[in-house]
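Welcome! Take a moment to look over the sequence and turn the structure around before reading on. The points below will guide you through a sheet and some charged pairs.

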Amino acid sequence: MSRKSNLISIGDLSKITGAGIKSLRYYERINVLKPAYVSPDTGYRYYTLDQSHMVEMIMLCIELDIPLSEMSKFVDNDGTMDLIKFLKKGREIAEKKIVSLKKGLELIDKAEQQIELAEQHNLEQIYTRKIPQKNFSTLPCGDSLENIDRMKMLKSYGDISWAEDDFGFFEYGIMRKNDMYSYFIEIPRKTENQETIPQGIYYCIQLEESQIENAAEIFKEYISGEFLAIETEIFTSRQNVNKPVNELRLINL
């Protein structure tokens with residue numbers, strides 16, 4: 001009993017750390033937190049108070065999405081941990097997660113900016129806005145939307161090799177140059193079948209249904225010759241996934 005007097009029960013460890021008893025037993029099974037003492041008579045598990053710090057470390061791993069399998073690599077069978085190596089690995093994983101979270105916040109910012117822009121105009125109201133130069137990966141489909149091979153285009157998205165720095169919000173949809181159509185997705189760098197759309201002032205309109213085939217008629221007062229029309233889904237404050245709002249854009253070439 002003298003040994004047990006310096007230990008705490010699994011229940012007490014659970015109360016101190018906030019980790020559930022089932023979780024503590026799971027940590028034992030995967031060899032990241034062995035009890036300091038297991039009673040041979042009752043099978044009850046006991047821990048040192050210092051092991052509460054290890055539980056906090058485990059919970060931090062969970063919070064940062066660091067796989068506990070990574071942690072177990074640094075723990076010997078006798079429960080000894082190479083803490084320096086583990087912390088170095090943990091920092092590496094956490095820093096990658098921080099980068100990912102920052103990029104996720106950038107995506108949220110872009111979506112909010114688009115919503116704010118969309119809310120400035122009513123449906124079926126023509127307006128102008130400046131759009132920067134963009135690169136599109138395209139799949140030409142001739143002079144009719146019926147020729148668009150959507151499945152082939154979707155597959156081509158998966159074939160694009162995205163770098164970590166390319167994470168972001170990219171446009172996709174249908175592009176029309178005069179009477180020739182293409183399916184497109186915005187890309188951050190050069191690829192095959194790339195087309196660059198020009199920077200400039202575009203005539204725009206928000207519509208609940210695809211109208212790119214009628215772009216010349218919708219913008220007839222503004223067309224002066226050859227034109228480029230782009231139709232892409234946009235975020236709105238109350239997004240209907242079954243009936244998204246499209247922004248139809250046109251610029252004279």
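Predicted model: local features only at pLDDT ≥ 70, side-chain atom pairs only at ≥ 80, totals over all residues.

Two strands are said to pair if DSSP finds at least two bridges between them.

- In general, strands of a sheet pair through backbone hydrogen bonds, in either a parallel or an antiparallel way.

**A closer look at strand 9**

- Which residue of strand 11 is the bridge partner of Leu207? That partner is Asn246.
- Ile201 also has its place in strand 9.
- Along the chain, Ile201 and Ile251 are 50 residues apart, yet a separation of 7.0 Å is found between their C-alpha atoms.
- If you leave aside neighbours within four places in sequence, Ile201 is in contact with Thr128, Arg129, Lys130 and Ile251.

**Salt bridges**

- How many salt bridges does the structure hold? There are 12.
- One of them joins the side chains of Glu95 and Arg91, at 3.8 Å from N to O.
- Both Glu95 and Arg91 lie in helix 5 (residues 83–118), 4 residues apart, which is about one turn of the helix.
- Glu95 is partly exposed, at 43% relative accessible area, while Arg91 counts as exposed at 57%.
- Glu171 forms a salt bridge with Arg249, and their closest N and O atoms are 2.6 Å apart.
- Glu171 sits in the loop between helix 6 (150–159) and strand 6 (172–177) and Arg249 in strand 11, so this pair ties together parts that are 78 residues apart in sequence.
- Are these two partners buried or exposed? Buried means under 20% relative accessible area, so Glu171 at 6% counts as buried, and so does Arg249 at 1%.
- Lys243 forms a salt bridge with Glu208, with 3.8 Å between the closest N and O atoms.
- That pair links distant parts of the chain, 35 residues apart: Lys243 is in the loop between strand 10 (227–234) and strand 11, and Glu208 is in the loop between strand 9 and helix 7 (215–218).
- Lys243 is partly exposed at 40%, and Glu208 is partly exposed at 40%.
- A network of salt bridges links Arg129, Lys134, Glu171, Glu247 and Arg249.

Note on methods. Residues numbered from 1 in each chain as written. Heavy atoms only, no water. Helix = DSSP H or I, 4+ residues; strand = E, 2+ residues; numbered from the N terminus. Contact = heavy atoms within 4.5 Å. Salt bridge = Lys/Arg side-chain N within 4 Å of Asp/Glu carboxyl O. Buried < 20%, exposed > 50% of the residue type's maximum accessible area, 1.4 Å probe, protein only.
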